[in-house]
Amino acid sequence: MKKNSRISSKGLTILLAVVLFLLIALNWSLFISGPSRIHEEKEAQTITKIEKRVEGIQGLRCHVFDYVTYNGYLNDTLYWFDENGDTITKREIINLDYDKAKEIAKEEYGINCDSIELAYGYNNPCYEIRGDNRLILIDFDTFVRVYEREI
């Protein structure tokens, strides 16, 4: 009798291990991988839509702040798009002034720039500056602080 119970307990252990593995794989595919793939697919569709609307757009990037936006450029124009690929606003590239934004971040807010990129904050295009464990958004047109926090 003892020999049969050992065999069945080993079999039961293997069966439980297989069931546990299947449950983990199912949860991973439903709650981790699935939403990630849906997000990637939606982002790819939005980028395709933007590329069709603005032929030849370059440097297309996704930015997440209060909501998802995208930005890119042509030879003389900067564009910002919403999460559906619709144009929010555009600016002449000649007005792009990273150096002034960095200087204002340092002089007025004490933030030494580690990285700077274009973003969209609340209602306006912005410069997003990260440095000294802080994040600051400075308005593209007025160079006024829109948002600031520690990171």
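Me: How do E5 and E6 pair, parallel or antiparallel, and over how many bridges?
Reply: In this predicted model, E5 and strand E6, which covers residues 124–131, pair in the antiparallel sense over seven bridges.

Me: Which residue in E6 does Ala119 stand opposite?
Reply: Ala119 has Cys126 of E6 opposite.

Me: And what packs on the sheet there?
Reply: Helix H2, residues 98–109, packs on the sheet and touches E5, E6, strand E7 (134–139) and E8, with its direction making about 125 degrees with that of E7.

Me: OK, in what order do the strands of that sheet run?
Reply: The sheet is open and is formed by four strands in the order E5-E6-E7-E8, with antiparallel pairing.

Me: Switching to charges, how many salt bridges does the structure hold?
Reply: There are seven salt bridges in the structure, and one of them joins the side chains of Arg61 and Glu117 at 3.2 Å, N to O.

Me: What does the Arg61 and Glu117 pair tie together?
Reply: Because Arg61 lies in strand E1 and Glu117 in strand E5, the pair ties together parts that are 56 residues apart in sequence. Arg61 counts as partly exposed at 42% relative accessibility, and Glu117 also counts as partly exposed, at 23%.

Me: What about Glu128, buried or exposed?
Reply: Glu128 counts as buried, since its relative accessibility is 6% and the cut-off for buried is under 20%. The side chain of Glu128 meets that of Arg130 in a salt bridge of 3.3 Å, N to O, and Arg130 is partly exposed, with a relative accessible area of 31%.

Me: Where do Glu148 and Arg134 sit?
Reply: Their side chains meet in a salt bridge of 2.2 Å, N to O, and the pair links distant parts of the chain, with Glu148 in strand E8 and Arg134 in strand E7, 14 residues apart. Salt bridges that share partners also join Lys49, Arg53 and Asp86 into one network.

Me: Last one, which residues make the nonpolar surface patch?
Reply: Leu12, Leu15, Leu16, Val19 and Leu23 make a nonpolar surface patch of about 460 Å². Val19 lies in helix H1, residues 2–53, and is partly exposed, with a relative accessible area of 39%.

How values were computed
Residues numbered from 1 in each chain as written. Predicted model: local features only at pLDDT ≥ 70, side-chain atom pairs only at ≥ 80, totals over all residues. Heavy atoms only, no water. Patch = residues over 30% accessible without salt bridge, like charges linked within 9 Å, V, L, I, M, F, W, Y side chains within 5 Å. Areas by Shrake-Rupley, 256 points an atom, 1.4 Å probe, with all protein chains shown as cover. Salt bridge = Lys/Arg side-chain N within 4 Å of Asp/Glu carboxyl O. Helix = DSSP H or I, 4+ residues; strand = E, 2+ residues; numbered from the N terminus. Buried < 20%, exposed > 50% of the residue type's maximum accessible area, 1.4 Å probe, protein only. Pairing = 2+ DSSP bridges. Contact = heavy atoms within 4.5 Å. Axes fitted to C-alpha atoms, helices over the stretch in contact; angles between N-to-C directions.
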